[in-house]
Amino acid sequence: MDGEALHGRTLTELAQGLESGEITAVGIAEHLLERIAQTEERLNAFITVTADEALAAAAAADRERAAGRTRPLLGLPIVHKDLFCTRGVLTTCGSRMLSNFVSPYDATVVARLREAGAVMLGKTNMDEFAMGSSNETSWYGPVRNPWDVTRSPGGSSGGTAAAVAARVVPAGTGTDTGGSIRQPAALTGTVGLKPTYGRVSRFGMVAFASSLDQAGVITRTVEDAALLLGVMAGFDEKDSTSVDHPVPDYRAALGRGVAGLKIGIVRQHFDEGLDAECAERVRAALSLLEREGAVLTEIDLPHIDLSVPTYYVVAPAEASSNLSRFDGVRFGYRAENPKDLLDLYCRTRGEGFGAEVKRRIMTGTYVLSAGYYDAYYLRAQKVRELISRDFREAFATVDVIAGPTAPTPAFALGEKTADPITMYLNDIYTIGANLAGLPGISIPCGFARGLPVGLHLVGAHFAEETLLAAAHHYQALTDWHRACPEGFA
Amino acid sequence: MNGRWEAVIGLEIHTQLATVSKIFSGAPTAYGAAPNTQASLIDLGYPGVLPVLNAEAVRMAVKFGLAIGATIARRSILARKNYFYPDLPKGYQISQYELPVVADGTLVIQDAEGQDKTVRITRAHLEEDAGKSVHGLGPFTGIDLNRAGTPLLEIVSAPDLRSAAEAAAYMRSIHTLVRYLRISDGNMQEGSFRCDANVSVRPRGESKLGTRTEIKNLNSFRFVEKALEYEIERQIDVLEGGGEVVQQTLLFDADRGVTRPMRSKEEANDYRYFPDPDLLPLEIDEAFIEAVRQTLPELPDARRRRFVEAYDLRAEDAAILAQNPAVADYFEAVAGATKAAPRVAANWIIGDLTALLNRDGLEIEASRIAPPALAELLDALESGTISGKIAKDVFEAMWAGEGSAGEIIAARGLRQISDPEALGAVVRDVVAAHPAQAAEYRAGKDKLLGFFVGQVMKATRGQANPQEVNRLLKEALGGS
């Protein structure tokens, strides 16, 4: 078996190898587990590696295939962001608060991938409770960007992004509340897909901001993202906000091309906040699509500048409530020897949560408080509706909205930790899609100062096929996604 | 309460809805299981779990709304009420705040003078119950989350009630109504039906409201009445002494019969209500409402009136029978099957049957005497086959499981003796055996008739027809 090549292959390529009998699921699992062991010291991408379970599942997959049966992902490797509950496996959310929490159940996403035959190799590192854009808020230490290990891979799904970018694994899950899949994908040169809100079940995802959270994937190719989305998507009776909307064959849509595709360019997204080299790469990518027959038009999203402040009212408000359950009573971290109930609460939460999580809980508690609710929470909801309306109006004239995913390439670890606002501005181009519940994808479109740059495409509700087709077409014409960080070949 | 003051009372009643499963999970709602055995991961508030609204709870809320002529909100919001407490697993309770499912209804109750009074019901909203803390486990407090997630309907009245008795009457009427609608078992011992009372007093004739206090967690009609009586008097004393009522939350100490303030830690919360982003707005369409309307039974007030009109019952008896739908059903089953007057059936049910049910701690559904069996007994009484006194004995025997009325009468030879010839012989013997008393009677001591009746009854083991005995005795004694 050609072990050297295995970790460089995409899911689709591995599937072909399994199909033809060239490789086995156990072979893949063994090789990638070894690969994790070799790279972890440099990346810190994993919180838990489930080697025994993975090898057992891979062996079962091989037996099943030998018996003539197959499933869409049978024997294919996957990793999960550590906020997806996984039965019998530690699920920490990157927090001391859940550092001892073994989930008694599988998230719907995990269950669907498992049922499709995927083999879970481990759980990836992340910003604590998905609150962060650099992976530096993790209780388990920051993840490093394989393109430059002194830099951040972005966040919060930074562990999955780094592992996929470094050819440790071909694919993994992530979650995106304000850009947490797309921004790390951009900073690591991977594909990050955030589906429409309600497209994928949230059941079993530890909630950060319920009205914004959405599960998605990070892969190296758009084709792999389409493959995984087809398995993950669909109504779940356990999630009232999941939508009963038919799941198309996403891979069948990949060949649609971009001829006649109307692409809107958001005027505000090329303002002074954007790194000049990044701007150049994104414009070049758009020009390429134009040459392929896409029609570019400049559009205006009048309220888009309000998306970051709006987000930082809505998301902390929901988070402050969602995180109330971590009280040391039933599960997770509990302070030692509390002298009374208040002491139990205060010390459990004081010791269990990190600084950024506390900041957001306090912000959220404040904006929901009597006397401030109307001025903050209610007003933010109104602005959110205005932003959604801007997008609706835009999609009346264009098929896709395109621009940069992040304002800069990967930044140095420690560079922005002192100033939360600068950190928050990293999601300035991605947050709008969360507020409006729209699907978005980031794909690699070149390099700035040796670091990957992401092209961001946003579609109308449930227009994942349109996004995937455009992104796939771009990847068919370019090699950016094939570039491998030095030292990780 | 003295005549110068008027009390103003509003009640918030929490009714546990009789759904099979919880309001946001599939866990069962049955009472009395071992601690934490009826709590799913959703009820326990585990990381990542999500609530899904139980449609049956919505149906029950709508049914209540229709029964009180309320507006059913086509769109209502489930909101989070945030506070920390160990028996509140998520750190918030899912409830309804700004837009409740039921608004603006009314209920007619009988006031102290027996007059109809209309009480406005401002709103009724769906919410989940919390678990409970179990104290007294050494240095620890236990948490039992079986009750967490049990559906509740909180029914909020306008401040339309004017006395403790009226408040208790209103609470009883709601209790009767929810049992009629079969949306709650109304079991107060198990906490399925409880209330908070808001009360203030003001000088009679004044339209402005006084400062109110809230008495929490009253779980019996008697406690509601006692607590309010005490609190009204307390507020009047404060005001008459020149003081001011402090707005506060109180608990009723049932042992001492007084209200006392809750510790300040237990109140003064900013609940930070906001719409629950895990749940879509609750949308109810016309077809749903119509389907629920089809399931509405005859309501307690209508049934009470019909009992008076159709069965010629006394108003008090009709009210007692109509109060519990199972009792009302029992009455109608007996009244429909017997030749005896409905009033007789009502008396037996309210008197003898209720006494035995209470003695044995049974609900009427578990009565040892079914309606057809009681009807048979009343027929025997009506036809004169047995006397009223014998009927009581037969009733007891039926309760003890000795058989039907006919079987017991036959087996014990209890058939009433009405034959004038047979009775005449007994009467003659009794009169002959008591010449002194006979003489006294004839001399005008009418009271002695009872003595002779007693002797005849004794001689016939109670089976003599009393009317016939009276007639024959008077004849034989030739007296007045």
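B:Phe252 stands opposite B:Thr259, a residue of strand 14 of chain B. Strand 14 runs antiparallel to strand 13 (residues 249–253) of chain B, and 4 bridges join the two. Strands pair when DSSP finds at least two bridges between them. Strands (E, at least two residues) and helices (H or I, at least four) are DSSP runs, numbered from the N terminus.

This is a predicted model, in which local features need pLDDT of at least 70 and side-chain atom pairs count only at pLDDT 80 or more, while totals for chains, interfaces and linings use all residues. Residues are numbered from 1 along each chain as its sequence is written, and chains are lettered from A and ligands numbered from 1 in the order in which they are written.

## The sheets of chain B

Another open sheet of chain B has 3 strands in the order 5-4-15, and its pairing is antiparallel. Here the edge strands are strand 5 (92–95) and strand 15 (274–275), each pairing on one side only. Strand 4 (residues 79–82) of chain B is joined to strand 5 by 4 bridges in the antiparallel sense. Within this pair, B:Arg80 has B:Ile94 of strand 5 as its bridge partner.

## Domains and helices of chain B

Chain B is divided into domain 1 (5–292), domain 2 (300–412) and domain 3 (420–477); such bounds come from an automatic or database domain assignment. The C-alpha centres of domain 1 and domain 3 of chain B are 64 Å apart.

Helix 9 (residues 371–382) of chain B has 12 residues, which at 1.5 Å a residue should span 16 Å, and its end C-alpha atoms are 16 Å apart, which agrees. The expected span is 1.5 Å times one less than the number of residues. Helix 9 of chain B is mostly covered, with 9 of its 12 residues buried. Among the buried residues are B:Leu374, B:Glu376 and B:Leu378. A residue is buried if 20 or more other C-beta atoms lie within 10 Å of its own, exposed if 12 or fewer, and partly exposed in between, with C-beta atoms placed from the backbone.

Helix 14 (residues 448–459) and helix 15 (residues 466–477) of chain B pack at an angle of about 120°, with their axes 10 Å apart. That angle makes helix 14 of chain B oblique to helix 15 of chain B. The axes of helix 10 (residues 388–399) and helix 11 (residues 405–412) of chain B come within 9 Å and cross at roughly 115°. Helix 10 and helix 11 of chain B are therefore roughly perpendicular to each other.

Axes are lines fitted to C-alpha atoms, for helices over the stretch in contact, and angles run from 0 to 180 degrees between N-to-C directions. Angles under 35 degrees count as roughly parallel, over 145 as roughly antiparallel, 65 to 115 as roughly perpendicular and the rest as oblique.

## Buried elements of chain A

In strand 4 (residues 171–176) of chain A, 6 of its 6 residues are buried. In a regular strand the side chains alternate between the two faces of the sheet. A:Ala171, A:Thr173 and A:Thr175 point one way from strand 4 of chain A, whereas A:Gly172, A:Gly174 and A:Asp176 point the other way. Strand 4 of chain A pairs with strand 6 (residues 214–219) of chain A in the antiparallel sense over 6 bridges, and A:Gln214 in strand 6 is the bridge partner of A:Asp176.

Helix 10 (residues 307–322) of chain A is largely enclosed by the rest of the structure, because 14 of its 16 residues are buried. At 1.5 Å a residue, the 16 residues of helix 10 of chain A should span 22 Å, and its end C-alpha atoms are 22 Å apart, which agrees.

## Backbone exceptions in a loop of chain A

Most residues other than glycine have a negative phi, and most peptide bonds are trans. A:Phe129, although not a glycine, has a positive phi of about 55°, and A:Asn135 has a positive phi near 70°. A:Phe129 is in the loop between strand 3 and helix 6 of chain A, and A:Asn135 lies in the loop between strand 3 and helix 6 of chain A. A:Phe129 counts as buried, with 32 C-beta neighbours inside 10 Å, and A:Asn135 is buried, with 34 other C-beta atoms within 10 Å.

A cis peptide bond, with omega of about 10°, joins A:Gly155 and A:Ser156. A:Ser156 has its place in the loop between strand 3 (119–124) and helix 6 (158–165) of chain A.
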